[in-house]
Amino acid sequence: MRAFGACDSGSNPDGATFKILKMVVMMAMMTESKDVEDKEEILIHTCCAPCLTIPFLRLSKRFHIVSYFYNPNIHPYTEYKTRLEALKKFAHLKKFTLIFENFDYEYTKKFISNQLMHDEKGKKERCLFCYQDRIKKTVDYALNNGYKTFTTSLLTSPYQYHDEIREICESYANNSGLDFVYEDFRSDYKKSIELCKEYEIYRQKYCGCVFSEFERYLKIKD
Ligand code: SF4
């Protein structure tokens with residue numbers, strides 16, 4: 001059974017100091033089932049609860065699900081908190097392990113300035129930069145914490161660059177020795193909307209970054 005608890009620091013994400021705070025939330029009862037213990041773990045990079053509903057539904061038959069919430073690119077900060085709370089709610093409901101890193105303001109500032117450079121080349125370049133960062137961080141976490149298998153909930157949304165996400169994950173898998181589980185979850189995208197209604201889980205209206213929030217209104221495409 002993986003350790004339960006918080007580490008690094010007791011920083012308050014609402015306060016002036018933003019430090020990375022890794023927390024592992026282990027849902028009670030989860031390891032009581034022999035059926036669950038017998039399954040291999042899969043670390044699922046999680047962009048948000050709505051996009052996780054389908055990977056959870058499909059992969060929990062084969063794997064013990066560990067959700068790794070990582071996105072330094074959700075704006076504004078209150079939106080980040082809302083999405084994290086939605087994911088916590090889903091984790092409690094379905095009793096899976098949730099790992100997240102609290103908002104790191106310094107990192108986010110660097111991320112945004114890097115992203116601005118990529119944004120000048122167009123939306124796609126910016127998104128590819130964003131995916132690279134998130135998948136790399138997930139793979140690093142997997143390697144440092146003994147996970148052998150990973151995937152990403154980014155494969156659920158039809159609004160993402162699906163083929164490129166797959167390529168990035170396959171490339172990191174090849175270089176790291178981890179197994180990447182690919183499934184095209186987009187076919188169940190509508191079902192993810194229904195599940196969010198059923199579970200009363202918050203569904204956001206834009207991808208995350210400040211650009212996507214504008215684009216939601218301006219309807220900017222490539
Ligand atoms: S639109 Fe989404 S994937 Fe693209 S850069 Fe913004 S947050 Fe990242």
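**Around the ligand and beyond**

User: Which residues are around the ligand?

Analyst: The residues around the ligand are Asn73, Arg126, Cys127, Cys130, Cys207, Gly208, Cys209, Phe211 and Ser212. This is a predicted model.

User: Which helices supply at least two residues of that shell?

Analyst: Two helices do: α5, covering 123-144, and α8, covering 210-218.

User: And which one gives the most?

Analyst: That is α5, which gives three residues to the shell around the ligand.

User: How does the shell split by class?

Analyst: Five of its residues are nonpolar, three are polar and one is charged.

User: OK, step back. How many helices and strands are in the chain?

Analyst: The protein chain has eight helices and seven strands. Of its 222 residues, 33% are buried.

User: What share of the contacts join residues at least 24 apart?

Analyst: Counting contacts between residues at least 6 apart in sequence, 69% join residues at least 24 apart.

User: What pLDDT does the chain average?

Analyst: The average is 84, and 81% of the residues score at least 70. Over residues 1-22, though, the pLDDT is below 50. The model has 32 contacts for that stretch beyond near neighbours in sequence.

User: Where else does pLDDT stay under 50?

Analyst: Over residues 28-34. For residues 28-34 the model has seven contacts beyond four places in sequence.

User: Back to α5. At what angle does α5 cross α6?

Analyst: The axes of α5 and α6 (residues 162-176) cross at roughly 35° and come within 10 Å. The crossing is right-handed.

User: Which residues meet there?

Analyst: From α5 they are Leu128, Tyr131, Gln132, Ile135, Lys136, Val139 and Leu143. Their partners in α6 are Glu164, Ile165, Ile168, Cys169, Tyr172 and Ser176. By class, this contact has nine nonpolar, two polar and two charged residues.

User: New topic: Cys47. Where is it found?

Analyst: Cys47 sits in the loop between β3 (40-46) and α2 (49-59).

User: Is Cys47 buried or exposed, and why?

Analyst: Cys47 is buried, because 28 other C-beta atoms lie within 10 Å and the cut-off for buried is 20 or more.

User: What is Cys47 in contact with?

Analyst: Leaving aside neighbours within four places in sequence, Cys47 is in contact with Asn71, Ser153 and Leu154. Asn71 is 24 residues from Cys47 along the chain, and their C-alpha atoms are separated by 6.4 Å.

User: What about Ile201, where is that?

Analyst: Ile201 is in the loop between α7 (189-199) and α8. Ile201 counts as buried because it has 20 other C-beta atoms within 10 Å, and 20 or more is what buried requires.

User: What does Ile201 touch?

Analyst: Not counting residues up to four places away in sequence, Ile201 touches Ala49, Pro50, Ala86, Lys89, Phe90 and Cys196.

User: Last one. What does Phe111 touch?

Analyst: Beyond residues up to four places away in sequence, Phe111 touches Pro72, Asn73 and Asp133. Asn73 is also one of the residues around the ligand. Phe111 lies in helix α4 (residues 105-119) and is partly exposed, with 18 other C-beta atoms within 10 Å. Pro72 is 39 residues from Phe111 along the chain, and their C-alpha atoms are separated by 7.6 Å.

Definitions and conventions
Residues numbered from 1 in each chain as written. Predicted model: local features only at pLDDT ≥ 70, side-chain atom pairs only at ≥ 80, totals over all residues. Near = placed C-beta within 6 Å. Helix = DSSP H or I, 4+ residues; strand = E, 2+ residues; numbered from the N terminus. Nonpolar A, V, L, I, M, F, W, Y, C, P; charged D, E, K, R; others polar. pLDDT = per-residue confidence, 0-100. Contact = placed C-beta atoms within 7 Å. Axes fitted to C-alpha atoms, helices over the stretch in contact; angles between N-to-C directions. Left-handed = near helix turned anticlockwise from the far one by under 90°. Buried ≥ 20, exposed ≤ 12 C-beta atoms within 10 Å, placed from the backbone.
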